[in-house]
Amino acid sequence: MLSYRHAFHAGNHADILKHASLCLILQSLQKKDKPFTLIDTHAGAGLYRLDSEWALKTGENQKGIIKLLNAFNQNPASFPPELQNYINLCQGFYDQNCYAGSPVIMQKHLRSGDKLVLLEMHNNEVEILRNNIEETGANATILHQNSFEAIKAITPPPIKRGLLLMDPSYEIDSDYTNAFEALALARKRWNVGILCLWYPLLKHRQTELAMLKSSLRELAAENQNNFVQAELLVASPENETGLYGSGMAIINAPWHFDEEMANILPFLGKMLADASQININEAFNQIADIY
């Protein structure tokens with residue numbers, strides 16, 4: 001939906017789950033010298049000011065990345081080692097009062113020969129994205145397109161090894177169906193790609209969410225691929241009317257990714273939970289079975 005601007009939400013708990021997961025997958029891809037392709041279907045602006053009028057209006061980054069970085073600076077030894085890469089990256093941008101979105105995180109992990117493809121439909125956001133991303137040769141391509149319609153054209157990429165990240169705004173009902181259908185098409189066309197779908201946990205979207213997660217499980221089971229579903233809850237679904245958490249569904253998850261997430265999620269749950277809404281001694285995360 002063209003009214004959505006991620007600058008209001010950059011650096012919140014949902015971004016932390018999405019980007020910490022992304023950093024782990026990127027590290028896994030970097031373990032081999034073979035080149036890879038990275039695709040971000042809903043790129044947004046790519047980089048966000050933490051002191052912008054929009055960010056200050058919601059204050060979500062104060063309860064998210066700023067809280068996390070402050071805790072790390074006070075006691076780095078308490079953090080799981082799996083978060084180190086993500087924390088280091090965020091700290092560098094925080095020193096500039098910025099938060100890196102997934103396009104910039106991907107760009108920072110590029111090596112010679114790797115490719116980056118970014119799609120963004122919003123007229124203003126795509127121009128900001130162009131300014132925030134340095135295009136070096138053929139390594140980075142920015143497309144001003146509807147990603148749901150572009151999936152067939154961009155998959156499979158010439159370099160077959162890599163990942164696709166999809167994180168639509170989910171502001172309209174059709175986003176849930178469109179996201180799954182686009183992911184299913186990408187899976188059919190790019191069966192070796194690591195396919196990642198972020199989704200919000202919203203009390204008023206339980207029906208759409210249940211249908212989405214059911215469809216994802218069926219897709220993973222039918223194709224007999226590693227499937228990891230990880231959710232981070234920071235508030236009680238019963239008390240929270242807005243975003244009480246979010247989830248990541250990954251098809252063709254890297255080896256040991258499920259174990260890494262199992263180490264990260266309990267820590268993030270306790271660190272980011274709203275103690276006024278839920279008992280911080282409870283488990284705030286779920287990891288689905290691996291198919």
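Predicted model: local features only at pLDDT ≥ 70, side-chain atom pairs only at ≥ 80, totals over all residues.

Analyst: Let's sort residues first: Ala, Val, Leu, Ile, Met, Phe, Trp, Tyr, Cys and Pro count as nonpolar, Asp, Glu, Lys and Arg as charged, and the others, including Gly, as polar. By that sorting, the lining of the second largest pocket has 6 nonpolar, 4 polar and 3 charged residues. A pocket here is an open set of points on a 1 Å grid over the protein atoms alone, where a 1.4 Å probe fits and protein lies on both sides within 12 Å along at least five of seven lines; lining residues have an atom within 4 Å of a point. Altogether 13 residues line this one, and S28, L29, R161, I194 and P254 are nearest its centre. Its space comes to about 260 Å³, counted as what probe spheres set on the points fill, with points joined across faces, edges and corners.

Numbering runs from 1 along each chain as its sequence is written, and side-chain values use heavy atoms, without hydrogens or water. The mean pLDDT is 88, and 88% of the residues reach 70 or more. Residues 278–285 stay under 50, and the model has 18 contacts for them beyond four places in sequence; a contact means heavy atoms within 4.5 Å.

The protein has 11 helices and 10 strands, taken from DSSP as runs of at least four residues (H or I) and at least two (E), numbered from the N terminus. Among contacts between residues at least 6 apart in sequence, 77% join residues at least 24 apart.

The largest nonpolar core holds 97 residues, and L68, Y86 and L163 touch the most other members. Helix α1 (residues 13–30) gives this core its largest share, 10 residues. Such a core joins buried Ala, Val, Leu, Ile, Met, Phe, Trp, Tyr and Cys through side-chain atoms within 4.5 Å. Beyond four places in sequence, Y86 meets D15, I16, H19, A20, C23, I65, L68 and Y99.

L68 leads us to helix α4 (residues 65–74), where I65, I66, L68, L69, A71 and F72 are buried. The buried residues of α4 pack against α1, α3 (60–63), α5, β3 (98–100) and α11.

From α11 (residues 257–272) comes F267, which is buried at 17% relative accessible area. F267 touches L68, S78, F79, P80 and L83, leaving out residues up to four places away. F267 and F79 are 188 residues apart along the chain, yet 7.7 Å separates their C-alpha atoms.

On the α5 side (residues 84–94) sits Q91. Q91 counts as buried because its relative accessibility is 19%, and beyond four places in sequence Q91 contacts L69 and N73.

Last, look at the loops. Y170, between β6 and α9 (174–189), has a positive phi of about 60 degrees without being a glycine, and Y170 is buried at 2%. H256, between β9 (243–251) and α11, also has a positive phi, near 75 degrees, but H256 is partly exposed at 30%.

Terms used: Buried < 20%, exposed > 50% of the residue type's maximum accessible area, 1.4 Å probe, protein only. pLDDT = per-residue confidence, 0-100.
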